2 protein chains.
Amino acid sequence: MVKKSIDLSTEEKILQGARKVFMTKGMTGARMQDIADEAGINKSLLHYYFRDKDKLFEMIFLKEAQKFFPRINMIFESGIPLFEKIQRFVHEYIDEMQQNPYLPWFVLNEIHRDPENFLYKVWGKDNLPRPQKFLEQIEQEVKKGTIKRISPLHLLMNLLSMTIFPFVARPMMERNLGLDELQFRAVMEQRKQEIPKFIIDSIKK
Amino acid sequence: MVKKSIDLSTEEKILQGARKVFMTKGMTGARMQDIADEAGINKSLLHYYFRDKDKLFEMIFLKEAQKFFPRINMIFESGIPLFEKIQRFVHEYIDEMQQNPYLPWFVLNEIHRDPENFLYKVWGKDNLPRPQKFLEQIEQEVKKGTIKRISPLHLLMNLLSMTIFPFVARPMMERNLGLDELQFRAVMEQRKQEIPKFIIDSIKK
DNA sequence: ACTTTTGTTGACCATTCGGTTAAACTATAT
DNA sequence: ATATAGTTTAACCGAATGGTCAACAAAAGT
């Protein structure tokens, strides 16, 4: 059969629907029926295309992860100066999360649900974050005396935390700080500047 | 009947078991059977003491939340100097999370699952975080010129993020940074000093 | 035209899970 | 002795949900 014509192929419709549902509800929260509805087909057909929920889930997430994490690793492992590296990391990460606001929550969710399976199967060996070079770079800068004495580990944690956490805790942030959707988006946009500035102010001599 | 003697009362056993199961698996993940097993009783008795899952859940979480959040609010709203306030906040918060490592994840989980119900019912009106005074204090310090010009909102976000995120993303942190349980605990203990230092270095003039 | 392959459907099945009910047993209080 | 509250056992209900199946429809191959 050839098909693949005017409207999206059924497979494509399923993937789009599944992505939407998985991203918002997580693996366990997602219902096969919801995905079928979202794709405008029936449940049996879902299983016809993707044997079961796990297979479908894997398909979705792998696609997403294998696009994003390599980009982050490239930044971590590149040879650019520390401050610029921090700026690029924050910029890239927040850009991604502005486009896929549910991604970080989704990742954490899956990690908590089944750490072994998720971290191995989905991050495989290539996608796994590799902060080693970044940590060494910080240590070198400290030794050169170009920045204050600071623990590379804590600096990395601070960087990750400030970048990712607001997206993970978004409903809490919005509620407790009185932000609507648009304002939240704007604040996150500001953070692309604010976070690097905050960090650099803290560690520069 | 009087009983209430040697071993814990059944009610107490249930509450302890429920707490453990809810904290690790969240509301939806928790099974009534698991809770019964954990308490060493059977499912019927569970429903005899607590009408249904929701009631039991509320009982557990309210107890936990109403102990902790008022303490945090007291710090935010107290009259102590900014830098000291930051130190106390971090110290108190990390202490709590060292004792209840699953609490932050648990809170986020429930917020995502059902924001309206959770935020209202559980935080009620008294437990709700009230960062207003803290934000104003930052603004005053900026105006007085005692700290650098910084957005109070972003500073608060940074503070919360750096303090809470590592606990929320714990499995990821441990795996990607190669920390075992003990090392993680030690690193978090260091953060009680590191975070305030990092912030103060960034904003002091 | 026919057969085979691929796509699609609705009905159905098995399991899980929260919750109920009824009957029996136990220990205490009166 | 009897009533009462606590506890167990076991069967059961109903809804939700992942997954299967047989039959039908549409293409594609011949």
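The bend at a residue is taken as the angle between axes fitted to the seven residues ending there and the seven starting there. In the predicted model, for which local features need pLDDT of at least 70, side-chain atom pairs count only at pLDDT 80 or more and totals for chains, interfaces and linings use all residues, a kink of about 40° in α11(B) is centred on B:R191. Residues are numbered from 1 along each chain as its sequence is written, chains are lettered from A and ligands numbered from 1 in the order in which they are written, and side-chain values use heavy atoms, with hydrogens and water left out. Helices are DSSP runs (H or I, at least four residues), numbered from the N terminus.

Chain B is superposed on chain A by a rotation of 180° with 0.0 Å of shift along its axis, at an RMSD of 0.1 Å (least squares on the C-alpha atoms of residues with pLDDT of at least 70 in both). The two copies are thus related as by a two-fold rotation axis. In chain B, the C-alpha of B:S202 is nearest the axis, 1.8 Å from it.

In the interface, 47 residues of chain B are in contact (heavy atoms within 4.5 Å) with 47 residues of chain A. Two salt bridges are found across the interface, a salt bridge being a side-chain nitrogen of Lys or Arg within 4 Å of a carboxyl oxygen of Asp or Glu. B:D201 forms a salt bridge with A:K148, with the closest N and O atoms 3.8 Å apart. On the side of chain B that touches chain A, α9(B) gives the largest share, 13 residues.

Terms used:
Helix = DSSP H or I, 4+ residues; strand = E, 2+ residues; numbered from the N terminus.
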